[in-house]
Amino acid sequence: VFWVPHYTSIGFSARAAALAISTSALTEVVISVCLIPFIDRIQPRFIAVGGFTLLISALITTIYASTTGHMFLAAALGGGGIGTGMLLQAQLWPHYFGRLHIGAIRGIAAPVTLGFSAAGSPATGMIFDATGSYLPAWWAIVSLLTAGSIMLLLTPRPSTPAPQ
């Protein structure tokens with residue numbers, strides 16, 4: 001939500017920023033299609049970490065953006081990370097929790113996920129209002145994505161319990 005305002009706050013035109021950000025939709029589709037052959041061959045957590053890495057790279061590129069090319073690169077990386085996340089939602093949950101009770105598990109997790117997602121934009125706006133910069137929010141998001149990546153890497157798939 002705040003990528004275009006961030007870019008305009010550091011001197012880019014709104015038109016250039018909006019055009020750059022619009023490229024993220026294209027990379028969301030491209031990365032989703034390109035990842036399909038790997039979904040059943042690679043553990044979803046590793047692909048998810050790749051998506052988080054793309055988002056982290058997008059944010060760091062945004063933080064240090066000084067050219068229009070940086071905006072396009074950040075949007076492409078961000079779109080790739082978002083596309084990866086959208087594709088993996090259907091794979092990651094059943095991979096860890098099985099399919100038997102996946103509806104109940106996702107039903108509990110969805111409000112939490114949506115709540116944190118909904119809180120992100122107002123929190124970013126409040127940080128900007130308090131500091132005059134989006135950078136503290138971007139660094140906070142980079143930190144959270146990094147922590148999530150580490151947790152995914154350290155959390156192996158649970159073993160299947162032996163039949164009783």
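**Isoleucine 127 and its chain**

Visitor: Why is isoleucine 127 called partly exposed?

Guide: Isoleucine 127 has a relative accessible area of 27%, and since buried means under 20%, exposed over 50% and partly exposed in between, with a 1.4 Å probe and protein chains only, this residue is therefore classed as partly exposed. The model is a predicted one, in which local features need pLDDT of at least 70 and side-chain atom pairs count only at pLDDT 80 or more, while totals for chains, interfaces and linings use all residues. Residues are numbered from 1 along each chain as its sequence is written, and side-chain values use heavy atoms, with hydrogens and water left out.

Visitor: Which residues is isoleucine 127 in contact with, leaving aside its neighbours within four places in sequence?

Guide: With contact meaning heavy atoms within 4.5 Å, isoleucine 127 touches Gly132, Ser133, Pro136 and Ala137. Of these, alanine 137 lies ten residues from isoleucine 127 in sequence, with 6.4 Å between the two C-alpha atoms.

Visitor: How much of the protein chain counts as buried, and what share of its contacts with a separation of 6 or more comes from residues 24 or more positions apart?

Guide: By the cut-off already given, 32% of the 164 residues count as buried, and residues 24 or more positions apart account for 75% of those contacts.
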